[in-house]
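Keep the viewer open and follow along.

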Amino acid sequence: MFSRPSFQLAIGLLATGSSVAAGPCDIYASGNAPCVAAHSTTRALYSAYTGSLYQIQRGSDSTTTIIKPVSAGSVANAAAQDTFCASTTCVITIIYDQSGHGNHLTQAPPGGAATGPQANGYDNLASAIGAPVTLNGKKAYGVFISPGTGYRNDATSGVAKLDAAEGMYAVLDGTHYNDACCFDYGNAETSNTDTGNGHMEAIYFGNNTIWGTGSGSGPWVMADLENGLFSGYSAAENAADPTVTYRFLTAVVKGEPDHWAIRGANAASGSLSTYYSGVRPDVSGYNPMSKEGAILLGIGGDNSDGSQGTFYEGVLTSGYPSDATESSVQANIVAAKYAATSLTSGPAVTVGSSITFKATTPGYTTDYLAHNSTNIILEVVTSSSSTTLQQQATWTVVTGLGNSACVSFESKDTPGSYIRHFNFVLLINVNDGTKQFHEDATFCPQTALNGDGSSIRSWSYPTRYIRHFSEVGYIASNGGPETFDSTTSFNNDVSWVIGTGFS
Ligand SMILES: *[C@@H]1O[C@H](CO)[C@@H](O)[C@H](O)[C@H]1NC(C)=O
Ligand SMILES: *[C@@H]1O[C@H](CO)[C@@H](O)[C@H](O)[C@H]1NC(C)=O
């Protein structure tokens with residue numbers, strides 16, 4: 001059932017001077033804790049792996065394609081994605097399991113706590129372009145999980161069940177999180193419902209404070225063991241579990257009978273630290289564990305889907321990896337050289353400039369995005385319009401309030417108020433200084449989907465773009481569950497010519 005070449009072959013290649021170094025799963029295998037699931041949209045996790053990394057689907061014709069490594073063991077072929085997705089939208093439909101166990105992740109079904117936003121109750125799929133990075137200078141894309149987005153496999157093979165030993169790690173964006181439940185990656189219920197204490201063993205990242213916390217104000221790496229995010233022995237504060245905000249974060253959770261651990265590191269340098277290593281929580285249900293062996297990403301075991309975060313790569317192993325094995329894996333991750341890259345493209349949208357957004361949809365090309373008292377709407381504006389109207393259609397570009405690699409748009413006539421989305425409707429609101437507002441007001445311009453100017457992607461919901469629909473402003477996805485997500489005229493409605501501000 002295993003189509004990939006054996007680890008011995010990989011070692012053989014190394015011995016004969018191949019430049020392909022052992023991958024994380026080669027290292028786990030040599031440490032007697034082989035990967036039973038290996039997920040990454042950025043790179044192969046075995047030195048010899050040439051198979052599927054992930055599948056994407058594009059909005060223009062709903063066709064799919066599979067993205068593979070450029071060569072054995074290498075970074076993903078991001079150029080193939082860019083070509084396939086040119087002038088349209090793309091979502092990640094499948095994250096393949098590289099381990100040979102067939103434990104692929106697909107769109108998560110509805111669960112006990114939450115029905116997903118899609119009409120059939122499933123969660124949303126992630127944009128294929130929300131989390132661009134480079135690995136050793138080569139472009140790749142991670143999985144940007146917005147609230148409502150999740151992946152799952154409820155029928156796995158080889159994943160730890162009951163109290164069996166397992167390990168896991170994930171490389172995440174330590175700056176992308178929230179306090180909702182639960183941005184998880186790991187072992188969960190096969191029923192998408194909460195079946196009780198000890199039925200999960202997953203990495204959690206965020207600043208949820210309902211159960212455990214670490215030191216400082218978060219975010220923290222914790223373990224979702226079901227009905228509790230644990231930072232250590234009890235679901236309370238473990239001061240040894242630090243606040244971690246590395247742009248690239250290695251998070252580790254592992255468990256074996258009456259023992260488990262949380263570890264973490266900067267994925268771009270240095271080594272792992274142990275945040276907890278000790279006995280299981282002394283609460284009924286956690287010792288022994290009742291792991292069920294489903295795998296999830298971006299959601300809680302009962303499909304709680306309010307959280308956000310970014311996933312680049314991760315694995316589950318069979319067997320409890322030693323700290324030494326994990327040290328070698330961390331060294332491999334550091335050597336992959338994850339680095340941030342530009343979130344924008346297309347015509348420059350320069351911080352400090354005064355701009356207008358002119359619609360490009362046929363029949364609306366004299367219309368501009370303007371505000372009335374609270375909404376963002378389309379208005380016909382000309383050089384002879386009133387100063388009031390001209391100013392309502394003029395915006396000052398500022399550094400992105402929620403991410404400095406993108407931008408925010410401050411109202412010309414109401415300084416201190418910005419374009420933000422709220423329930424996907426565009427509003428003009430006073431900046432209240434909260435993380436939520438900052439993120440809702442952050443947009444990443446890219447080359448227009450219709451080729452005419454710029455399309456303005458929501459930073460926090462990268463499947464969604466500033467769109468006019470019935471002459472009102474929204475952030476809309478191409479064929480999502482909302483009426484304003486209509487695919488009809490989508491590319492034109494999300495494409496804007498950015499011009500110099502009036503007055
Ligand atoms: C999580 O962090 C954000 C940003 O610092 C903060 O606004 C929010 O209140 C925190 N949540 C909790 C539950 O502490
Ligand atoms: C502003 O625009 C919205 C959307 O069209 C509309 O519902 C609202 O009544 C308008 N408000 C004012 C004060 O014109």
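Which backbone oxygen lies 2.8 Å from a polar atom of the side chain of Thr-360? It belongs to Ser-495. Before going further, keep in mind that this is a predicted model.

Let's stay with Thr-360 for a moment. You'll find Thr-360 in the loop between strand S21 (354-359) and strand S22 (367-371). Its side chain also reaches the backbone oxygen of Asn-492, at 3.2 Å. With a relative accessible area of 8%, Thr-360 is buried, because anything under 20% counts that way. Setting aside neighbours within four places in sequence, the residues in contact with Thr-360 are Thr-365, Asn-450, Asp-452, Asn-492, Ser-495, Trp-496 and Val-497.

Now for the cysteines. A disulfide is a covalent bond between the sulfur atoms of two cysteines. Searching the whole structure turns up four disulfides. If you number the bonded cysteines in sequence order, they pair 1-2, 3-4, 5-6, 7-8.

Take Cys-25 and Cys-35, whose sulfur atoms sit 2.2 Å apart in a disulfide. The torsion about their S-S bond is about -95°, so this disulfide is left-handed. Cys-25 lies in helix H2 (residues 24-30) and Cys-35 in strand S1 (residues 35-40), so the bond ties together parts that are ten residues apart in sequence. Both Cys-25 and Cys-35 are buried.

Cys-85 and Cys-90 make another pair, with an S to S distance of 2.0 Å. The link of Cys-85 and Cys-90 is left-handed, with -100° about the S-S bond. Cys-85 counts as buried because its relative accessibility is 10%, and Cys-90 does so at 6%.

For the other hand, go to Cys-406 and Cys-444, a disulfide with its sulfur atoms 2.0 Å apart. Here the angle about the S-S bond is 95°, and the link is right-handed. Cys-406 is in the loop between strand S24 (395-399) and strand S25 (407-411), while Cys-444 is in strand S28 (residues 443-447), so this pair ties together parts that are 38 residues apart in sequence. Cys-406 and Cys-444 are both buried.

On to the ligands. Which residues are around ligand 1? They are Asp-179, Asn-207, Thr-209 and Lys-435. A polar side-chain atom of Asp-179 lies 2.7 Å from a nitrogen atom of ligand 1, and an N or O atom in the side chain of Asn-207 is 2.3 Å from one of the ligand's oxygen atoms. On its own, ligand 1 has 360 Å² of accessible area, and the protein covers 49% of that. The shell around ligand 1 has no nonpolar residues, two polar and two charged.

Ligand 2 has Asn-372, Ser-373, Asn-375, Ile-377 and Val-472 around it. A polar side-chain atom of Asn-372 lies 2.3 Å from an oxygen atom of ligand 2. Taken alone, ligand 2 exposes 370 Å², of which the protein buries 40%. This shell divides into two nonpolar, three polar and no charged residues.

Last stop: some backbone geometry. Most residues other than glycine have a negative phi, and most peptide bonds are trans. Against that background, look at the cis peptide bond joining Gly-218 and Pro-219, with omega about 10°. Pro-219 is in the loop between strand S12 (201-206) and strand S13 (220-224). Another cis peptide bond joins Asn-287 and Pro-288, with omega about 5°. Pro-288 sits in the loop between strand S17 (273-278) and strand S18 (294-297).

As for phi, Asn-136 has a positive value near 50°. Asn-136 is in the loop between strand S7 (131-135) and strand S8 (138-145), and it is partly exposed, with a relative accessible area of 46%. Glu-226 also has a positive phi, near 80°. Its place is in the loop between S13 and strand S14 (229-230). Is Glu-226 buried or exposed? It is buried, with a relative accessible area of 7%.

Conventions: Residues numbered from 1 in each chain as written. Chains lettered and ligands numbered in written order. Predicted model: local features only at pLDDT ≥ 70, side-chain atom pairs only at ≥ 80, totals over all residues. Heavy atoms only, no water. Near = heavy atom within 4 Å. Polar contact = N/O pair within 3.5 Å; in protein donor to acceptor, adjacent residues only side chain to side chain. Areas by Shrake-Rupley, 256 points an atom, 1.4 Å probe, with all protein chains shown as cover. Nonpolar A, V, L, I, M, F, W, Y, C, P; charged D, E, K, R; others polar. Helix = DSSP H or I, 4+ residues; strand = E, 2+ residues; numbered from the N terminus. Buried < 20%, exposed > 50% of the residue type's maximum accessible area, 1.4 Å probe, protein only. Contact = heavy atoms within 4.5 Å. Disulfide = S-S within 2.5 Å.
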